[in-house]
Amino acid sequence: MCEHLSFVRTLHPMKAKNEKWLQAEHKRSFSSWFKRTIKTELARPKNTISQQIRWLAHEPKREVLNYSGYGIGGYYYNTSDHDSRSTTQNSGVMVEAESLHMSTAKDKNPIYANMLYYGVIEDIWELNYTQFKIPVFRCKWVDNKGGVKVDENGFTLVDLNKVGDPNDQFIFASQAKQVFYVNDPNGGRWSVVLTTKPKLYDRGDVCDNIKETPSFSRGLPESEDIDNEDVAYVREDCEGIYVEEDTTSRKKRKRT
């Protein structure tokens, strides 16, 4: 990525001063540049191009598998269409990505920073590169400008009807984190974002990772983890009853 950005800056020194144009050109021309660069490297007798990079440069097959549900990284996802016909919700996603931030449209000094994006899965596709497959999600992302806020209690709220850039919809499935959207009890257009941890898999069984699930609110403290066998749980509001240990029913084990 960085190598291609440097290439674009060198090729268009005047236009490259505009970061917004640079990012648009980077997205537009990266694929063709990548194929040319790998083809040139492969022509060298002693190249170090891996098999995975070679297949990526060949592009995937034209036939794309489409799923309504997909499991990856300890999460199970559904498309929003599938969720609309189900009693469960598994189409909410969150991704952390670096993006260009501009205070205004005429900002000449934009900055890059990581930001959380919230959305809903519209399609689940699996790209076939012959030797391996890569699942991707096409999502409808909430516009962070006016579509995301944090309330006074630290809860993140989103307006799912405020859609962001329609030209930037895809992410790798491996990048996604599952979230759930609950209608704000105060009403209105906002939904509360609830995060969760991946499921724990043990001998084919699935159990919720309740112990490590973070607080839904940024402003509320997480409960302390109490895992001490020496802690005694005693009621002090009433008199206790002492029970003698019955040793008559014990069986002695023979040593061999």
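Me: Before we start, what counts as a salt bridge here?
Reply: A salt bridge is a side-chain nitrogen of Lys or Arg lying within 4 Å of a carboxyl oxygen of Asp or Glu; in this predicted model, Arg44 and Glu41 form one, with their closest N and O atoms 3.5 Å apart.

Me: And how many salt bridges does the structure hold?
Reply: There are eight, among them the pair of Lys27 and Asp168, whose closest N and O atoms are 3.4 Å apart. Lys27 sits in helix α2 (residues 19-42) and Asp168 in the loop between β8 (156-158) and β9 (170-172), so this pair ties together parts that are 141 residues apart in sequence.

Me: What about Asp159, buried or exposed?
Reply: Asp159 is buried, with a relative accessible area of 6%, and its side chain meets that of Arg189 in a salt bridge at 2.5 Å, N to O. Arg189, for its part, is partly exposed at 46%.

Me: Switching topic, which residues touch the most other members of the largest nonpolar core?
Reply: Tyr77, Val93, Ile121, Phe137, Cys139, Trp141 and Ile171 do, out of 14 residues in that core. Strands β3 (75-78), β4 (92-101), β5 (111-128) and β6 (133-141) each supply at least two of its residues, and apart from it lies another core, of eight residues, including Met94 and Tyr181.

Me: Where is confidence lowest, and where highest?
Reply: The mean pLDDT is lowest in strand β13 (residues 205-207), at 45, and highest in β6, at 96, while the protein chain averages 80. Over residues 249-254 pLDDT stays under 50, and the model has one contact beyond four places in sequence for them. Where pLDDT is low, the predicted coordinates should not be read in detail.

Note on methods: Residues are numbered from 1 along each chain as its sequence is written. This is a predicted model: local features need pLDDT of at least 70, side-chain atom pairs count only at pLDDT 80 or more; totals for chains, interfaces and linings use all residues. Side-chain values use heavy atoms; hydrogens and water are left out. A nonpolar core is a set of buried Ala, Val, Leu, Ile, Met, Phe, Trp, Tyr and Cys residues joined through side-chain atoms within 4.5 Å. Buried means under 20% relative accessible area, exposed over 50%, partly exposed in between (1.4 Å probe, protein chains only). Helices (H or I, at least four residues) and strands (E, at least two) are DSSP runs, numbered from the N terminus. pLDDT is the predictor's confidence in each residue, from 0 to 100. Contact means heavy atoms within 4.5 Å.
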